[in-house]
Amino acid sequence: MGAKYALYENPNPKSDGKKQPLHARIVPKGTVRTQEIAEQIFR
C-alpha cells in the first residue's frame, strides 16, 4: 500500500513574511478494516 502526501509551509513564528520550508503531511484516503488488510496480505 502506498501513501499520498501533501506539502505545507511551516508556520512562521516571527511573522516577518519570509518564505518558510515545507513539510509533508499524509493525505488520508479513508479507513481500512482489519479484515481488508488480512485479505490483502493473504493474496
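Predicted model: local features only at pLDDT ≥ 70, side-chain atom pairs only at ≥ 80, totals over all residues.
1. Start with Ala 3, which is partly exposed at a relative accessible area of 44%. The label covers whatever falls between buried (under 20%) and exposed (over 50%), using a 1.4 Å probe and protein chains only. Ala 3 is found in the segment before strand S1 (5-9).

2. Residues are numbered from 1 along each chain as its sequence is written, and side-chain values use heavy atoms, with hydrogens and water left out.

3. Now the layout. Helices (H or I, at least four residues) and strands (E, at least two) are DSSP runs, numbered from the N terminus. The C-alpha atoms fill a box of roughly 55 × 15 × 10 Å along the principal axes.

4. How much of the protein is buried? Of its 43 residues, 0% are. The protein exposes about 4500 Å², with 56% of that supplied by carbon and sulfur atoms; the area comes from the Shrake-Rupley method with a 1.4 Å probe.

5. Contacts are worth a look too (heavy atoms within 4.5 Å). Take those between residues at least 6 apart in sequence: 6% of them join residues at least 24 apart.

6. What sits over the ring of Tyr 8? The charged end of Arg 25 does, 4.3 Å from the ring centre. To count, NZ of Lys or CZ of Arg must be within 6 Å of the ring centre and within 35 degrees of the ring normal.

7. Val 32 belongs to the loop between strand S2 (22-26) and helix H1 (34-42). This valine is partly exposed, with a relative accessible area of 37%. Pro 21 is eleven residues away from Val 32 in sequence, yet their C-alpha atoms are 32 Å apart.

8. Glu 36 is part of helix H1, and this residue is partly exposed, its relative accessible area being 37%. Between the C-alpha atoms of Glu 36 and Asn 12 there are 41 Å, with 24 residues separating them along the chain.
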